Amino acid sequence: MEVSIINKRVIPNNVNDDLVNEKIKFKEVMVIDANGEKLGIKMRREALEIAYDQDLDLLCVAPKATPPVCKVLNYGKHRFEQQKKAKEAKRNQQVTEVKPIRLSPVIDKHDFDTKMRHARKWVEDGMKVKVDMRFRGRLITRLEVGKKIMNSFIEEISDIANVEKKPILEGNTMSCVLAPKKK
């Protein structure tokens, strides 16, 4: 018994949701050939045959259009180019790390200076610094002391950092975000 295989191209590792070849379920589609010329509205089977005759794939580029727009192209090459662009975009994006520092309303001068040194180092390295001050127990009644310490921290680092988010109290934690000044 002989099995005839229709000229179908199998797309390996098609983990994304692209509508390619047999995955296209629309009855009629607008077909654009490999050179970018419109071939007109064709039935799905006819469009697939056009792509298979050229040993290429049919990719639905605009499924929400009326009728859906499909392009004849080499899908493997198309996916490779997309992945290359995505990798390049990821490489070029700048990720800003936010480093946390926790202060206390009853912080000592030496501890304050140590945390200030850390914050300065991080800001100079281009990182943002999130300054948290947790009010525990009865300290919540001494908000003005905490605000004074937070303001002195901001004032002391203001030569190299801008306040991105002003100090606000959320629950029992007062926090602000400092970002490096633009050069």
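Is Asp132 buried, partly exposed or exposed, and what is its relative accessible area? Asp132 is buried, with a relative accessible area of 13%; buried means under 20%, exposed over 50%, and partly exposed in between (1.4 Å probe, protein chains only).

The model is predicted, so local features need pLDDT of at least 70 and side-chain atom pairs count only at pLDDT 80 or more, whereas totals for chains, interfaces and linings use all residues. Residues are numbered from 1 along each chain as its sequence is written, and side-chain values use heavy atoms, without hydrogens and water.

**Salt bridges**

A salt bridge is a side-chain nitrogen of Lys or Arg within 4 Å of a carboxyl oxygen of Asp or Glu. By this rule there are 9 salt bridges, including those tabulated here.

| Salt bridge | Closest N and O atoms |
|---|---|
| Glu46 and Lys42 | 3.9 Å |
| Glu144 and Arg142 | 3.6 Å |

Among these residues, Lys130 is partly exposed at 31% relative accessibility, and Arg142 is partly exposed with a relative accessible area of 43%.

**Asp33**

Asp33 is buried yet has no salt bridge, and the nearest side chain of opposite charge, Lys71, is 7.7 Å away. The side chain of Asp33 reaches the backbone nitrogen of Glu37 at 2.8 Å.

**Nonpolar cores**

A nonpolar core is a set of buried Ala, Val, Leu, Ile, Met, Phe, Trp, Tyr and Cys residues joined through side-chain atoms within 4.5 Å. The largest has 23 residues, and Leu103, Val131, Phe153, Ile157 and Leu178 have the most contacts inside it. A second, separate core of 12 residues includes Ala51, Leu56, Cys60 and Val72.

Terms used
Lys, Arg positive; Asp, Glu negative; His and termini not counted. Polar contact = N/O pair within 3.5 Å; in protein donor to acceptor, adjacent residues only side chain to side chain.
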